[in-house]
Amino acid sequence: MPDTHFYRYDEYDRRLVGERVEQFRDQVRRRLAGELTEEQFKPLRLTNGLYLQLHAYMLRIAIPYGTLSSRQLRKLAEISRKYDRGYGHFTTRQNLQLHWIKLEQAPDAIAALAEVDMHSIQTSGNCVRNTTADHFAGAAVDEIEDPRVWCEIVRQWSTLHPEFSFLPRKFKIAITGSPNDRAAVRVHDIGLRLWRNDQGEVGFEVIVGGGLGRTPMIGKTLREFLPKDELLAYLEATLRVYNRYGRRDNLFKARIKILVHEIGAEKMCEEVEAEYESMKDSALRLAPETIEAIAGQFAPPPLQPGRTRVPEVEALKLEDRNFALWLKSNVAPHRVPGHAIVTASLKPAGAPPGDASAAQMEGVADIADAYSQSEIRVSHEQNLVLPHVAIEDLPAVYRALDRLGFAEANVGKITDIIACPGLDYCALANARSIPVAQRISRHFAALSRQHDIGDLKIKISGCINACGHHHVGHIGILGVDKNGIELYQISLGGDVDFGRTALGTILGPAVPAEKIVDAVDALVATYLEARSAGERFVDTYRRLGVQPFKDRVYAAV
Amino acid sequence: MAKNLSGDLRVASANRLVDGMVVFLDDAGQWAERLDRAAVARDTRSAEILLQRARLESFGIVEPFLVAVSEGEDGRIEPLSLREKIRASGLTFAAIAAEAVRYA
């Protein structure tokens with residue numbers, strides 16, 4: 001019986017990662033001895049996910065398709081405790097960042113990762129980054145197929161791919177297997193959506209040229225339906241066209257979205273299809289046995305259908321209002337009756353979004369062992385997910401998460417804020433993100449009020465690189481630096497729900513840091529007064545437009 | 001009231017190679033963790049010399065550069081930009097402790 005229900009490294013993977021650890025150990029040794037200059041060493045450390053930030057090195061650890069075993073999460077806790085300051089930051093790309101790594105210990109930290117089949121390769125640099133997926137994959141009621149099978153195939157194809165190790169710019173792929181996109185596929189360099197056509201065949205919609213950052217774009221569909229076994233050939237063709245025509249003369253115009261925008265989706269499609277034609281029957285066509293072998297490793301856990309209505313759960317709902325709210329916001333239906341998907345909120349009131357201490361990581365690993373098939377997911381919204389929980393275990397899981405401070409009933413609510421590390425850590429940032437998120441979180445901490453406000457996604461970035469996804473927040477907040485003063489530009493109406501992907505509209509002049517809570521309060525007040533029955537914040541915004549929100553905010557600040 | 005807000009005052013800073021920590025060049029040519037130990041250049045020419053010295057003393061540190069600072073009545077120096085204030089002083093919020101199970 002395997003200890004995981006997802007891909008396990010084979011000897012090839014282990015050898016590749018092990019060799020990389022030893023290469024990096026030698027590179028670090030030579031750098032510390034002065035045999036390599038920083039200019040020579042920098043690309044080597046970045047290839048291994050090691051950045052030098054404002055006041056320390058940061059190690060970005062890949063969590064493929066956001067899936068972790070309890071053993072892996074415990075190892076991350078151990079590494080954070082032994083080589084960092086005992087906590088980590090889960091990111092919007094389902095990775096984990098450790099912000100206080102010492103260079104001299106980085107090889108040991110990476111070696112420790114390899115012990116649990118993990119690494120930090122390609123978490124930086126102009127290459128194909130960690131492929132992200134729906135965090136409910138393999139458990140979601142609405143899922144057509146588990147997207148992680150395809151993420152793993154992409155991982156194997158793209159890892160150290162010699163042709164795509166020096167792309168014009170970084171390249172991010174996301175895959176969803178559900179019609180309700182939870183992987184933000186339209187704002188990635190390539191987004192893949194599995195769907196079933198009228199003939200009952202499952203294939204991919206291939207969306208290219210999306211992205212956030214300085215020039216946000218919604219991706220264009222290059223192929224409505226791509227047979228699954230042709231995926232790698234089509235990806236290779238797309239990357240090859242990008243590698244050939246993508247700009248290398250201007251860092252800010254180097255992403256594939258700019259290429260698609262400049263030559264147009266039609267021309268891009270022509271180029272990709274022409275390239276694809278020459279290779280579609282090559283070795284890149286996936287053999288059924290190859291797909292089956294990988295899919296077999298993602299075989300669902302042996303869950304027995306159980307009771308969907310459990311008296312103990314119903315009783316606790318009546319006794320404990322917070323539990324009742326938690327069931328509404330943090331618990332989602334599971335494909336197997338009698339089970340549920342639980343989101344552990346890493347956004348307790350006033351906490352840095354996405355941060356977890358070593359003790360908390362170990363606590364979540366323990367809960368996963370006891371109640372969720374030893375499996376954990378990382379969401380791009382910076383929460384952790386327990387994907388396979390029996391409904392009868394929900395009270396116990398709630399109590400256990402509450403002891404960790406992760407049972408806040410706020411998933412999808414105003415305090416479930418996405419925030420990048422911002423100027424407190426990041427060398428690129430112009431303004432702080434986390435303290436702003438903390439102040440908003442504290443202001444709206446009352447759960448009854450949050451549930452009255454309903455679904456409202458705030459996303460905060462500390463600079464235009466948009467790691468906090470502010471462009472697609474119902475309320476987006478972008479930190480800017482004006483003559484040394486932190487100001488925050490607000491945008492409204494962004495979204496990443498499938499079919500409704502939209503970029504936010506800037507409200508008006510940026511507001512001072514000390515006024516940002518007042519501004520959000522004014523936005524919420526406008527919505528509460530104007531909403532129709534059943535309308536979310538973003539629905540009311542779409543109906544009314546920006547003006548009433550703008551008037552209220554600038555009267556308040 | 002700060003004596004100098006024009007940005008003429010400079011200190012040399014870098015990150016320490018071995019662990020990435022922020023360091024400042026002191027009068028003895030050593031890299032110190034504390035800003036109050038930093039050698040202060042008071043004009044453009046002195047700043048150029050300070051940066052040259054920093055580059056000469058660059059074994060064990062990464063990419064030295066000059067930081068604009070102000071000096072208070074009490075002689076205390078402080079970076080002018082928020083970025084450098086954070087580099088010198090650390091996070092502006094309390095990070096969770098390794099063994100904590102709740103954010104306080």
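**Figure 1. Helices α5(A) and α6(A) meet through side chains of chain A in this predicted model.** From α5(A) come A:Trp150, A:Ile153, A:Val154 and A:Trp157. They meet A:Leu231, A:Leu232 and A:Leu235 of α6(A). By class, this contact has seven nonpolar residues, no polar ones and no charged ones. Helix α5 covers residues 148-158 of chain A, and helix α6 covers residues 231-245 of chain A. The crossing of α5(A) and α6(A) is right-handed. An α-helix has 3.6 residues a turn, so residues three or four places apart point the same way.

**Figure 2. Helices α1(A) and α4(A) pack with their axes within 9 Å.** The view takes in helix α1 (residues 11-32) and helix α4 (residues 106-115) of chain A. Their axes cross at roughly 175°. That crossing makes α1(A) roughly antiparallel to α4(A). On the α1(A) side, the contact is made by A:Val17, A:Gly18, A:Val21, A:Phe24, A:Arg25 and A:Val28. On the α4(A) side stand A:Ala106, A:Pro107, A:Ile110, A:Ala111 and A:Ala114. Sorted by class, the contact has nine nonpolar residues, one polar and one charged.

**Figure 3. Five strands of chain A form an open sheet.** The strand order is β3-β14-β15-β12-β11, and the pairing is antiparallel. Strands β3 (67-69) and β11 (331-333) of chain A stand at the edges. Each has a single partner strand, so one side of each is left without a neighbour in the sheet. From one strand to the next, the twist averages 30°.

**Figure 4. Strands β12(A) and β15(A) run antiparallel, and helices pack on the sheet strands.** Five bridges join β12 (residues 339-344) to β15 (residues 384-390) of chain A. A:Ala340 stands opposite A:Val389 in β15(A). Helix α12 (residues 358-371) of chain A packs on the sheet and touches β12, β14 and β15 of chain A. The direction of α12 makes about 20° with that of β15(A). Helix α3 (residues 70-83) of chain A lies across β3 and β14 (375-378) of chain A. This helix runs at about 85° to β3(A).

**Figure 5. Chain B has two helices and five strands.** Along the sequence, the pattern reads β-β-β-α-β-β-α. The C-alpha trace of chain B spans about 50 × 35 × 20 Å along its principal axes. Of its 104 residues, 31% count as buried. Among contacts in chain B with a separation of 6 or more, 55% come from residues 24 or more positions apart.

**Figure 6. Helix α2(B) packs against strands of chain B.** Its buried residues are B:Glu84, B:Ile86, B:Arg87 and B:Ala88. These pack against β2 (22-25), β4 and β5 (77-79) of chain B. Just after α2(B), B:Gly90 takes a positive phi of about 100°.

**Figure 7. Chain B is in contact with chain A.** Here 29 residues of chain B are in contact with 36 residues of chain A. On the chain B side, β4 (61-71) and α2 (82-89) are the elements that give two or more residues. Helix α2(B) gives the most, with four residues. By class, the side of chain B that touches chain A has 18 nonpolar, five polar and six charged residues.

How values were computed. Residues numbered from 1 in each chain as written. Chains lettered and ligands numbered in written order. Predicted model: local features only at pLDDT ≥ 70, side-chain atom pairs only at ≥ 80, totals over all residues. Contact = placed C-beta atoms within 7 Å. Nonpolar A, V, L, I, M, F, W, Y, C, P; charged D, E, K, R; others polar. Axes fitted to C-alpha atoms, helices over the stretch in contact; angles between N-to-C directions. Left-handed = near helix turned anticlockwise from the far one by under 90°. Pairing = 2+ DSSP bridges. Buried ≥ 20, exposed ≤ 12 C-beta atoms within 10 Å, placed from the backbone. Parallel < 35°, antiparallel > 145°, perpendicular 65-115°, else oblique.
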